[in-house]
Structure formats: structure tokens, C-alpha cells
Amino acid sequence: MARVLVVDDDPVAQRVLVRLLSPAHEVRAFGEPAAALRHLAEHGADAVLTDLRMPGLDGIQVLARARELDPEVLVFVITGHSSLPSAVEAIKRGAEDYLAKPFEPEDVVLRLDRALERRRLVARVRLQDEAAAPGGPDGALLSAHPRMAPILEVARRAARTDSTVLIQGETGVGKEVFARLLHAWSPRAGRAFVAVNCGALSAALLESELFGHERGAFTGAVTRRAGYFEAADGGTILLDEIGATTPAFQVRLLRVLQERTVQRVGGTAPIPVDVRVIAATHEPLERAAREGRFRQDLYYRLGVVTLAIPPLRERREDVPALAGHFLRKHRHVNPAVGGISPEGLAKLAAYDYPGNVRELENVIERALILESGPLLSPASLLVGPAASLAGAAEAPAEAPEPLAMDDAEREHVLRVLERCGSRRAEAARALGIDKSTLWRKLKRWGLQD
């Protein structure tokens with residue numbers, strides 16, 4: 001069901017459009033344009049039907065602000081004051097269509113459904129084009145290693161089915177990238193892809209987030225809420241870190257997979273869902289199931305197809321291509337850098353990357369911040385927690401005496417802050433520390449505002 005907002009100061013027109021569109025879509029009506037725009041900003045929508053002449057904001061202003069909030073939203077301008085100039089203005093501003101009152105009900109439904117279907121097709125084609133490019137949706141699967149070829153082939157075959165897929169691999173190898181690739185290659189590509197980190201939520205909150213809850217189901221449940229399974233209906237859901245879930249949750253998930261229905265927390269009615277499930281974990285689930293830490297029946301249900309992604313240290317041939325991809329991705333940080341020096345590539349290839357592909361991306365982004373030459377050099381390619389400080393804190397060869405460690409660290413931090421334009425969040429990322437650690441260091445040195 002598409003989410004449609006009706007914006008009209010005429011209550012009768014509101015009721016007509018809600019009654020007309022509600023059987024097929026989720027429709028919310030607003031008499032005040034500002035309230036509709038707040039709802040759009042907070043909750044999103046697929047389409048907006050707005051009257052042209054209203055007090056406060058008119059339909060053209062609603063159109064402009066809606067497109068600012070979401071360039072993909074479809075906006076239909078409806079008016080009883082039909083005129084060619086207003087129609088031309090609405091289309092020039094990005095309106096999907098222009099409808100004049102009195103309109104034929106069937107015509108409104110037909111035009112809306114055609115526009116929604118066209119948007120779904122465009123999104124699907126875009127995803128398929130991205131997936132067909134080398135490296136998948138964001139290039140992070142570039143690989144020249146022989147071990148990756150059969151994994152990608154199995155992924156392509158599995159993507160064409162609705163079978164559950166279990167993706168295993170160390171943290172940072174790109175499990176979510178693989179899941180998005182499976183979705184992009186699948187017949188569900190034009191529908192929703194929802195990723196949930198199961199390890200980041202408590203057991204009770206995870207059930208509420210995934211399955212939804214009814215009003216009054218628990219303290220704080222003041223309204224009914226649909227869960228992520230309902231949001232992903234027709235598409236794909238990724239359950240990341242599935243090994244961190246409790247046995248009670250695993251029982252509920254097994255029932256969802258078997259019956260293709262969810263039951264909201266506090267509810268009794270089963271809700272049908274059509275969702276392709278992909279699970280991911282950094283821990284081998286087979287061992288967890290054997291040791292009784294994970295339900296064996298759920299393990300076998302999830303692992304119809306299992307993809308084991310090797311760590312980056314076992315496929316060092318991929319480092320140059322991945323480094324080049326991340327250099328292009330973050331080129332805006334330092335447009336003067338045109339590549340990576342041979343010595344820099346040799347340094348990158350020699351490192352083990354305990355954080356895998358994610359760590360390599362951080363190394364390249366940090367190097368772009370630190371580099372002052374046309375190529376990323378070994379001096380800017382700081383790998384490992386110790387090397388990030390030691391490599392940049394070396395005193396110049398002509399310095400009369402070495403700096404004390406605290407002075408060297410202070411100088412390095414200030415240099416990174418300067419390169420980042422005093423943006424502390426960006427500087428903390430480049431230094432490989434969190435913002436609170438950077439704040440404490442600056443406070444210790446008397447530099448915190």
C-alpha cells in the first residue's frame with residue numbers, strides 16, 4: 001500500500017479523496033498544509049495530493065517544499081480554479097500531474113496508480129543497473145580473488161528465488177553490501193529493503209520493532225505501530241547479527257518464517273507478510289547451534305543458502321581495487337588527490353585489516369584528509385591504531401630535538417582539525433577515535449570552548 005497525503009482546506013474534498021483512495025492505499029488527510037509537510041518530514045510519503053488555492057501556503061508552495069523534503073515524492077496539484085498558467089507552473093515546479101475539479105474519481109485513481117507503478121519500475125531499473133555495475137550497488141564487492149567468484153555466482157542464483165539466505169563473515173567484510181546485492185538482483189528489487197541490527201536491541205524492543213505492537217501492549221505503547229516485517233512487505237528484510245538473539249525470539253521468528261504471518265506484540269490477529277529474509281552473523285551459527293546457543297531448527301531454516309565471505313587478509317589481491325573505489329567515493333574530501341602511490345599501495349597490501357573492508361575505507365578517507373600531495377603516500381596511509389599516531393607524530397628530520405609524546409599528539413590532532421575545517425566529528429573519524437575522546441583531549445590541552 002502506498003502512503004498518500006491529501007492536503008485540502010475543504011473537509012468535503014478531503015472525505016471524498018480519502019474514501020476514493022483508502023481501499024488500495026494508506027491515506028492521511030490534512031486541512032493545514034504546514035501540518036501535512038511536518039508529517040511528510042517525519043514519516044515520509046509516496047504521493048501528495050494538494051489543493052492549489054488554500055490559506056497560508058498554496059499548492060505550488062506545498063509542491064516546492066514537499067520536493068525539498070523528498071525529491072522522489074509524487075505531487076499532484078488539484079484545483080477548482082483551472083487555468084493553463086497554473087497548470088504549466090505546477091508541471092515546471094515538478095508536479096507529477098495536474099487535475100481540475102470536478103474530477104472523475106476513476107481518473108484520479110488511474111493517474112495515481114500509473115504514477116506509483118512508473119516510480120516503482122524506475123527504482124527497479126536503477127537498482128538493477130547499479131547491481132550490474134562492477135562491484136554491485138556501491139562498488140564495495142570489487143574482487144579479483146578466485147574464492148569470491150563462486151560465492152558471487154551462488155548469490156546470483158539465490159537472488160532469483162525467495163529462499164532464505166544466511167551470510168556469515170567477520171565484522172566489516174561487507175555482509176550488508178552482499179544482502180543489498182541479493183535484493184538488487186531479485187524480482188523484489190523495486191520494493192523495500194529493510195536492515196535491522198538484532199544485536200543492538202533488547203529482546204523486548206526487537207520483537208516490538210520487527211513485529212509491531214498494539215496500543216497498550218506495554219508501558220509507552222500509546223499508539224498501534226506496524227513493525228519492520230510489515231514495512232518490508234513485498235521486499236527484503238536483513239536480520240543482521242542474528243546470533244545475538246534470545247531463544248524466545250528465535251521461536252517467534254521461526255513461526256514467522258514457517259507461516260508467513262506476524263503477530264503484533266499485544267495482538268491476537270495474524271497479519272500476512274510477503275518478505276524475503278536474509279540473516280547475517282559474524283559468528284558461525286552451525287557451531288552455536290551445536291553448542292545449544294542457537295536453535296538448530298531455526299539455523300537450518302535460515303541456512304537454505306549459506307554464503308561465507310572470506311576476510312580481506314585472505315584476499316589481498318582485492319585491496320588495490322577496493323582502495324581505488326573508496327578513493328573515488330571520498331574524493332570530495334580532497335579533490336587534489338588523483339591516486340595512490342606505488343609505495344602506498346604496497347603498504348596497504350601488506351596490512352592484515354582486522355576491521356576488513358570497513359577499516360580499509362576508513363584508512364582511505366583518513367588519508368585524503370591528511371594528504372597534501374597529488375598521490376596518497378605511505379605517510380598519510382596510517383594503518384592500525386598505533387600507526388595512526390606514530391606515523392603522523394614523527395618529528396621532522398631537521399627538528400633540533402624530538403617532541404614529547406603529548407606534544408606530538410597535540411600537534412597531530414590540531415593539524416587534523418585544521419584539515420577538517422574545525423569539524424570535530426569529521427576530525428574524530430579521521431583520527432580513529434570517538435567525539436567524546438577528542439573532546440576530552442582538547443579540554444586537557446585547554447582548547448575546548
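In this predicted model, the largest nonpolar core has 30 residues, and those with the most contacts inside it are Leu 210, Phe 229, Ile 237 and Ile 242. At least two residues of this core are supplied by each of strand 7, helix 8 (203-211), strand 8, helix 10 (247-259), strand 11 (276-281), helix 11 (285-290) and helix 12 (296-302), and the largest share, five residues, comes from helix 10. The protein chain has 449 residues, of which 46% count as buried, and its secondary structure comes to 19 helices and 14 strands.

**The chain as a whole**

- Among the contacts in the protein chain with a separation of 6 or more, 68% are between residues 24 or more positions apart.
- The protein chain has an accessible surface of about 22600 Å², and 53% of this surface belongs to carbon and sulfur atoms.

- Leaving aside residues up to four places away in sequence, Phe 229 touches Leu 210, Phe 211, Ile 237, Leu 253, Val 256, Val 262, Val 273, Val 275 and Val 277.
- Another core, of 22 residues, lies apart from the largest one and includes Phe 30, Leu 57, Val 73 and Ala 95.

- Five strands form an open sheet with parallel pairing, in the order 7-8-11-6-12.
- Strand 7 (193-197) and strand 12 (305-308) are at the edges of this sheet and have a single partner strand each, so one side of each is left without a neighbour in the sheet.
- From one strand to the next, the twist averages 20°.
- Strand 7 pairs with strand 8 (residues 236-240) in the parallel sense over five bridges, and within this part of the sheet Asn 197 has Asp 240 in strand 8 as its bridge partner.

- Strand 1 (residues 3-7) and strand 2 run parallel and are joined by five bridges, and Val 6 stands opposite Ala 29 in strand 2.

**Buried positions in helices**

- Helix 7 (residues 175-185) is largely enclosed by the rest of the structure, because nine of its 11 residues are buried.
- The buried residues of helix 7 are Lys 175, Val 177, Phe 178, Ala 179, Leu 181, Leu 182, His 183, Ala 184 and Trp 185.
- Leu 348 has its place in helix 14 (residues 342-350), and Leu 348 counts as buried because its relative accessibility is 0%, where the cut-off for buried is under 20%.
- Residues up to four places away in sequence not being counted, Leu 348 touches Val 319, Ala 323, Ile 340, Tyr 353, Leu 360, Val 363, Ile 364, Leu 381 and Val 383.
- One of these partners, Ile 364, is 16 residues from Leu 348 in sequence and 9.6 Å from Leu 348 in space, C-alpha to C-alpha.

Methods
Residues numbered from 1 in each chain as written. Predicted model: local features only at pLDDT ≥ 70, side-chain atom pairs only at ≥ 80, totals over all residues. Heavy atoms only, no water. Helix = DSSP H or I, 4+ residues; strand = E, 2+ residues; numbered from the N terminus. Buried < 20%, exposed > 50% of the residue type's maximum accessible area, 1.4 Å probe, protein only. Contact = heavy atoms within 4.5 Å. Areas by Shrake-Rupley, 256 points an atom, 1.4 Å probe, with all protein chains shown as cover. Pairing = 2+ DSSP bridges. Axes fitted to C-alpha atoms, helices over the stretch in contact; angles between N-to-C directions. Core = buried A, V, L, I, M, F, W, Y, C linked by side-chain atoms within 4.5 Å.
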